[in-house]
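Good morning, and thank you for joining.

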Amino acid sequence: MTIPAGGPSRNLEFIRRVSKRPTRQQAARAAARLELDPIGDDVSSAPRQGLHGCVEQIDARGIRGWLLDARDLGRELELEVRLDGVLLLSGTARLRRPDLAQAMGGRVNAGFELRWSQVRPSEPLLPVHEREGRLEVLSADGREIPMRPGLDVTAIYAWVEPHVDRLSYVLGTSQIAPPASLSDEELLDIYFDAGFYLAMYPDVASTPAEARKHYLEQGCRNGHDPHPDFSSAYYLESNPDVRDAGINPFIHHLRTGCFEGRRPRPPGGHRADALKTLVPLADTVKAWRRQDALRALTSTALLSRLRERIGGVRPRGLVLSISHDDYTTNVGGVQLCLAVEQKAFNDRGYLYLHLSPWQALPCLHGSNQPMNVALRLLCNGTEVGYTLGSDMQHVIDELRDDLIELPAHLVVHALHGHAPEVVSALHKALRPTSSYFWLHDFFSLCTGHNLLRNQIAYCDAPPPGSPACNVCVYGPARDPQLVRMQRLFEDVPFLAVSPSAHTAQLWQQRSALPVRGVQVHPHCNIEVEGRRISSTDFEAEVAESAEDGEAPRGGPIRVAYLGHPTVHKGWPVFRELVRQTCGIGRYEFWHLGTQPDESLPVRFVPVQVSPEEPDAMVRAVEAASIDVVVQWSQWPETFGIAARESVAAGALMVVSRVSGAVAEFVLDAQAGLVLEHESELIEAFRGAQVVQRVTERRRHGAAVGRLAWSQLTADLIDTDTE
Amino acid sequence: MAQVHVYTSFNFHYLAKARVLASTLKRHHPDWVMHACLVDREPEGFEFDLTKEPFDAVTWADDLDIPNLQGWLFGHGVVELCTAVKGTMLRMLLEQGAEKVIYLDPDIAVLDTLQPIADALDSHDVVITPHQLTPDDHYPAILDNELCSSQYGIYNLGFVAVANRGDGIRFTDWWEKRLLGWCHDNVPGGVFVDQKWCDHVPGLFGSVLVLRDPGCNVASWNLSQRRISVDGQGRILSNGEPLRFYHFTKLGPIGDTMTQRYARDNTEVYELWTWYRHQVAGFLDKRIPKDWWAFGRYADGRVIAPEQRRLYRSRLDLKRVFFDPFGHDDDCAFVRWMDQQAA
């Protein structure tokens with residue numbers, strides 16, 4: 001699919017909005033607009049139209065009743081439970097009710113049973129002195145479902161409170177102190193998360209009582225945390241008075257600290273953490289500077305070596321490819337693409353030359369003396385030597401004269417460390433049949449190639465010189481970079497090649513660079529080979545037990561992060577997910593890739609994908625029977641090799657909405673969940689969403705396959721009509 | 001169009017920050033005139049070269065049009081002095097013909113156009129910003145913010161804008177007189193340098209705009225009620241309005257604590273602080289000794305104690321005898337007199 005540059009814009013909606021329930025006010029307004037009748041509780045009387053329902057039972061366990069639409073019995077209605085206006089529970093009325101079926105003359109799935117154990121209030125319950133005792137069970141449009149006469153809800157707070165996650169209120173927000181009469185042990189009894197402690201620190205204790213004891217006596221001093229939302233180390237560091245007095249930080253926070261505004265964890269989470277180590281771009285460049293000396297060849301010497309390397313075999317064509325590093329020794333997605341492309345061209349008999357900068361940089365090579373950029377030349381994957389940009393131009397020029405009748409192609413994969421002026425000069429020397437510019441990232445829009453302002457917040461490439469750019473570490477570099485890019489794109493008639501439709505659209509919306517067209521060419525596809533069937537036989541009850549939050553049949557759900565632990569791929573979010581859910585006992589966390597983190601209860605499997613073993617990750621994910629892969633990318637990925645590896649191995653994907661082509665792929669392939677906020681991610685794992693999906697997969701078996709790679713630019717040169 | 005003059009007052013300890021203020025102002029208003037009121041003298045080995053600075057003009061404390069200047073300078077600590085000069089400097093700028101004058105603290109950075117403020121001076125003679133625009137609802141915030149303002153001044157005098165007419169002139173005249181006599185750090189006594197005095201402003205003067213713009217003078221004392229965000233067009237917003245200037249008070253651990261306490265998970269605030277830290281570091285001049293302040297020591301090098309300043313300023317007889325209590329011109333007569341008193 002080629003989208004001509006400057007052609008009619010297509011309004012392609014790649015990401016469906018996660019639908020949200022209307023607020024109570026919205027629902028009430030909707031009801032008022034439609035002038036709906038109140039919900040009647042008696043279905044035996046005629047005429048029967050509209051909604052009918054009844055709350056039949058409220059007790060310490062939960063709340064039961066039924067709700068149906070008499071005009072459409074198949075419709076499963078949603079409802080919510082509010083206490084003093086605070087949303088406690090929401091659910092769907094879909095349990096079978098044979099008693100109603102008789103009255104309605106048809107199959108009725110209208111029963112609901114919501115348990116207080118599922119309570120997740122949207123905000124704190126009112127303090128004791130402000131409580132009204134107002135319990136409402138409402139349909140989605142805000143109408144009250146009538147209660148059976150005689151229901152006694154005076155004990156409602158006693159039923160609900162034990163299940164309310166009190167700690168999230170106490171920690172930093174509550175204004176109600178626990179009674180002073182409670183001892184430290186009793187306080188811990190209420191607030192200490194034993195499941196979390198035992199999962200995080202498996203060697204120190206084996207029972208909740210032991211865990212509490214350990215924390216009180218040693219754990220708090222060793223930096224052990226009593227709850228996922230509390231950091232002992234941070235609390236002691238930011239409250240030297242507590243530290244100096246030798247008080248247990250958690251107890252201090254519960255008793256007084258939270259009412260004094262002392263935070264239980266570093267505010268701002270992983271983003272604020274990342275900012276602490278952020279340095280100006282100039283400092284990063286300085287840190288990257290090589291101290292060793294460059295052994296540059298003259299153009300004559302390099303050319304002679306190159307001719308020697310080519311030997312007597314006349315190639316069928318010539319490719320000059322440019323990227324930011326040596327793809328034969330470095331590991332990564334772009335490097336893998338280059339290796340695949342080189343092999344594809346070599347198989348066609350083409351000579352594949354590659355240039356990377358001797359000095360790696362997070363930005364372009366300086367504009368002061370651009371032709372002095374030192375470049376490394378590879379020929380068909382083996383090193384030939386180094387020389388300066390001006391000399392390389394001469395080498396290419398001479399080589400082209402040797403091979404003048406052959407087709408030649410210029411392929412730019414990445415420009416970090418390069419001087420665009422040199423690329424223009426090389427284009428002139430190469431005289432290519434066609435030129436390509438791959439959109440592996442957004443370096444052509446900004447030096448910050450992930451479009452992460454200050455490396456933490458997705459910026460969506462705002463207009464250059466905007467106030468946001470002015471406070472970003474990449475701001476000062478962006479304007480001059482865009483000027484140099486513009487000149488390069490004016491000199492070279494590039495076809496922009498995007499690995500995904502999402503990236504193509506985003507790039508076209510944000511870029512003013514002239515191109516002769518934009519082509520979408522995915523790196524790989526999944527070829528389905530079969531289904532991954534679990535050995536256990538399942539029955540319908542499995543789905544229901546999953547709703548209760550119990551562990552599903554077939555063992556704990558295996559949740560994995562793939563690859564190198566980086567901020568932009570969502571490693572800190574994965575860490576937080578582990579923290580928040582490891583105590584539930586339902587999940588087992590894995591990390592398949594590089595650089596294990598010893599501080600987390602995560603099983604590590606070293607995996608490295610290379611051109612020799614392109615399916616290494618797929619096989620590793622399959623071998624570990626991973627159920628779910630979480631890729632919470634912070635930026636719009638341009639393709640998502642890891643996502644395809646996961647799906648090829650039969651795993652469910654859980655990804656962020658902002659993950660670009662990854663979210664696009666997950667939605668198109670119906671391969672998992674695309675969620676908006678980190679809080680939704682945690683909730684999906686705490687609640688039933690992930691469990692239900694995994695259980696279904698285990699029951700039916702997930703499709704597995706292998707990745708079938710494209711040949712990158714080698715595929716394009718045949719069909720390109722420049 | 002009326003030319004706008006902006007001034008700030010600082011000593012060399014705050015030079016890097018003042019440079020951030022000036023350069024960010026110039027980015028948005030290259031045609032406005034940026035004045036530095038330097039409450040200091042150059043240390044040895046350092047020359048303040050205006051041609052290399054983002055300021056357009058400099059007025060030294062020694063050049064201020066104040067009677068018995070040296071004695072007056074001596075009677076103030078560093079915070080007191082840097083604020084006390086603001087009234088005189090404002091008056092001098094208006095006398096030179098500036099039609100609109102804006103004062104900004106040296107630890108402020110300008111992030112968007114201030115044109116609406118200049119425009120407000122077309123219809124109002126004085127513009128001030130309160131510390132808080134919205135009541136707080138949590139106990140610690142009420143203590144930190146509202147109660148603090150009750151003690152230190154309702155309006156934050158890190159910003160004030162004045163038009164050269166009517167109440168603008170009257171305000172300047174009044175403010176200068178108060179600062180010449182009572183620019184002291186005496187919170188229990190109801191005086192906090194230049195700022196607490198300005199609680200009077202809406203009462204004493206008619207053409208005053210209390211600027212209720214959440215994008216102006218954002219700082220840790222109102223962060224509890226302001227959310228900083230960035231929109232798709234790259235505009236930085238405070239409660240949905242353009243963030244015009246941010247007041248980075250107490251750069252360092254205390255500032256960090258207060259910021260974290262109220263910014264919480266609003267990471268855009270931490271981005272601003274990180275950016276500011278980098279900017280200040282970039283403007284730091286290593287030639288200036290760390291604790292340098294020309295008015296902090298006697299001519300013999302001894303540190304001037306706060307109680308010595310307070311003694312001097314409260315005694316008319318001492319002021320009449322010792323015109324230069326620093327001791328440069330009279331061989332440290334004042335400090336020798338105090339040594340005698342102590343003996």
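I begin with one contact between the chains: the side chains of B:Glu271 and A:Arg453 form a salt bridge, with N and O 2.8 Å apart. By salt bridge I mean a side-chain nitrogen of Lys or Arg within 4 Å of a carboxyl oxygen of Asp or Glu. The count between chain A and chain B is one.

Please bear in mind that this is a predicted model, in which local features need pLDDT of at least 70 and side-chain atom pairs count only at pLDDT 80 or more, while totals for chains, interfaces and linings use all residues. Residues are numbered from 1 along each chain as its sequence is written, chains are lettered from A and ligands numbered from 1 in the order in which they are written, and side-chain values use heavy atoms, leaving out hydrogens and water.

Let me now turn to the interface as a whole. In chain A, 29 residues are in contact with 24 residues of chain B, contact meaning heavy atoms within 4.5 Å. The size of an interface is often given as the accessible area lost when the parts come together. Here the buried area is about 2200 Å², with carbon and sulfur atoms giving 55%; this is the accessible area, for a 1.4 Å probe, that the two parts lose on being put together, summed over both. On the chain A side, A:Pro467, A:Asn470 and A:Val471 lose the most area to chain B, together 24% of what that side buries.

Next, the salt bridges over all chains, which number 61. One of them joins A:Lys213 to A:Glu217, with the closest N and O atoms 3.4 Å apart. These two residues are four apart in helix H7 (residues 208-219) of chain A, and therefore about one helical turn separates A:Lys213 from A:Glu217. Helices are DSSP runs of H or I with at least four residues, strands are runs of E with at least two, and both are numbered from the N terminus.
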